[in-house]
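Subject: A structure for you to look at

Hello,

Here is the structure I promised to pass on to you. Please open it beside this email, and then read on for what turned up in it.

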Amino acid sequence: MKSVRIAGLAAAVVLAASAGAMQAQAKDYKIEAAHSEADFAIKHLGISTVHGAFHGVSGVVTFDPANLAKSSVMATIDVSTVDTGVAARDTHLKSDAFFDVAKFPTITFKSTSVVKSGDHYDVTGDLTLHGVTKSVVLKLETPSKEQIGMDKKPHRGFTATTTINRQDFGLNFSAKVASGDSMIGDDVKIELDVDAAQQ
């Protein structure tokens, strides 16, 4: 009888360990375009900040907090969805003077590593913008806890920020104002805020 109890206990331990391993496995989350966007901010005349967003964000976030080596991000942004709240400015941004949507319709990011860094994660990856690929580091906040969405799937929220120099990507529009200052700054602050559903 004692051996049966020991065997039963061992089986329970194995099952518990297996369940824990399953919970710790990497999970894939598909970005929901309807609740996601990529925001940006850039100085105008050195005195104000222009804000805009890209609404066409898609891709997959793979997240495994127990084994970050298995975590990754692959995202694509539809450049034609750029929106600064001013139609004429948006048209200008889509032209060959800036993003040149006809030639470069998407912005992509593909991670190469994910590491814990203090209270956040450093997501290093290749950003391809305007036909130029550069390595950048996204500062990813701790993902939200899972919530069940209207689609009955578990959802997580992911928020990441970075700053890039637009001229590094060939976005070298350089109009000057009367004072001799640049009309727009070089540094662009970017914030990715996405809702992603577990697959």
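**The core and the spaces around it**

The largest nonpolar core has 39 residues, and those with the most contacts inside it are F54, F99 and F158. A nonpolar core here is a set of buried Ala, Val, Leu, Ile, Met, Phe, Trp, Tyr and Cys residues joined through side-chain atoms within 4.5 Å. Buried stands for under 20% relative accessible area, exposed for over 50%, and partly exposed for what is in between, using a 1.4 Å probe and protein chains only. In soluble globular proteins, nonpolar side chains tend to be buried together.

Before going further, please keep in mind that this is a predicted model: local features need pLDDT of at least 70 and side-chain atom pairs count only at pLDDT 80 or more, while totals for chains, interfaces and linings use all residues. Residues are numbered from 1 along each chain as its sequence is written, and side-chain values use heavy atoms, with hydrogens and water left out.

**The overall build**

The protein has two helices and 10 strands, in the order α-β-β-β-β-α-β-β-β-β-β-β from the N terminus. These are DSSP runs numbered from the N terminus: helices are H or I with at least four residues, strands are E with at least two. Of the 199 residues, 33% count as buried. Contact means heavy atoms within 4.5 Å; among contacts between residues at least 6 apart in sequence, 56% join residues at least 24 apart.

**The largest pocket**

A pocket and a cavity are both found on a 1 Å grid over the protein atoms alone: a cavity is a set of points where a 1.4 Å probe fits but cannot get out, a pocket is an open set with protein on both sides within 12 Å along at least five of seven lines, and lining residues have an atom within 4 Å of a point. Grid points are joined across faces, edges and corners, and a volume is the space filled by probe spheres set on the points.

The largest pocket holds about 650 Å³ of space. It is lined by 32 residues, and F40, F54, L93, F99 and V188 are the closest to its centre. Strand β2 (residues 37–44) gives the largest share of this lining, five residues.

**Two cavities**

How many cavities of 30 Å³ or more are there? The count comes to two. The largest cavity has a volume of about 160 Å³. Of its 14 lining residues, V61, V73, L138, A160 and L192 are the closest to the centre. Strand β9 gives the most to this lining, with three residues.

The second largest cavity holds about 40 Å³. Its lining includes V61, F63, L140 and F158, and its largest share, three residues, comes from β3.

What does F158 touch, leaving aside its neighbours within four places in sequence? F158 is in contact with Y29, V61, F63, L140, P143, L192, D193, V194 and A196.

Finally, find T142 in the loop between β7 and β8 (147–148). Leaving aside neighbours within four places in sequence, T142 is in contact with D119 and Y121. The C-alpha atoms of T142 and K116 are separated by 9.7 Å.

Enjoy exploring!
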